[in-house]
Structure formats: structure tokens, C-alpha cells
Amino acid sequence: MSSGGHETRFEAEVVRFDSPGGWHGVFLPTDAVAEARFFGRANALGAIAVRAQIGTSEVKTSLFPDKRRDSFLLPLKTALRRSENIKEGDRITVTLLLDL
């Protein structure tokens, strides 16, 4: 990943939501949440634009606040999950670059 922002790395379990489309994602652990809140600029809905590296893939995406868990959700699109062979229940390593 390139410089110009703040990187944070974490492991998390992939979860699937029972909503239409079967969204998948990971919730940030406490230390990554603190960094995202400090270094990220949230939009009006509280989402923070980031770049995420998972395996050999790098994607532009957003972190979405989850007030019930006091965390952020990082959604995992189908194309990313297929290219990295990610399934529900997998533990994955994520490197986030929070642009300053």
C-alpha cells in the first residue's frame, strides 16, 4: 500500500447478513475502531472512505458505523470474496489505509 495516510492492520471473522443479497463483511476490532475514528473523515452518514488490502486485492470502499457494536463494518463485495476465496466464518487479515 502506498504512503500518504495511516495504515492499520487487523484480523476479523467474516459474517453474512440475512438481508436481501446476502451481504458479507467484517467488524473492526476495538483498536482498529479507535484508529479509524481518529484518522478518518466521516461523511454525513458517518461512513469513512478507505482503501483495504485483503490478500492480493486492494479495493476502495467505506467503513460504515455500527452503533450496536460500537464498531465499523467493512463490507466485502462478491468480486473480492471470489478472487480471494473468502467465505462466511473465515478469519481474514485486513490492512486499511485511512486517507488523511
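Which residues have the most contacts inside the largest nonpolar core? I began there, keeping in mind that this is a predicted model, in which local features need pLDDT of at least 70 and side-chain atom pairs count only at pLDDT 80 or more, while totals for chains, interfaces and linings use all residues. Residues are numbered from 1 along each chain as its sequence is written, and side-chain values use heavy atoms, with hydrogens and water left out.

**Core.** I found 21 residues in the largest nonpolar core, and those with the most contacts inside it are Val26, Leu28, Leu63, Val94 and Leu96. Such a core is a set of buried Ala, Val, Leu, Ile, Met, Phe, Trp, Tyr and Cys residues joined through side-chain atoms within 4.5 Å; buried means under 20% relative accessible area, exposed over 50%, and partly exposed in between (1.4 Å probe, protein chains only). I then looked up Leu28, which has among its contacts (heavy atoms within 4.5 Å) Phe10, Leu63 and Leu96.

**Salt bridges.** I took a salt bridge as a side-chain nitrogen of Lys or Arg within 4 Å of a carboxyl oxygen of Asp or Glu, and the count came to 4. One of them joins Glu58 and Arg51 at 3.6 Å, N to O; Glu58 is partly exposed at 41%, whereas Arg51 is buried at 14%. Another joins Arg69 to Asp66, with the closest N and O atoms 3.2 Å apart; here Arg69 is partly exposed at 48% and Asp66 is buried at 14%.

How values were computed:
Lists of a residue's contacts leave out its neighbours within four places in sequence.
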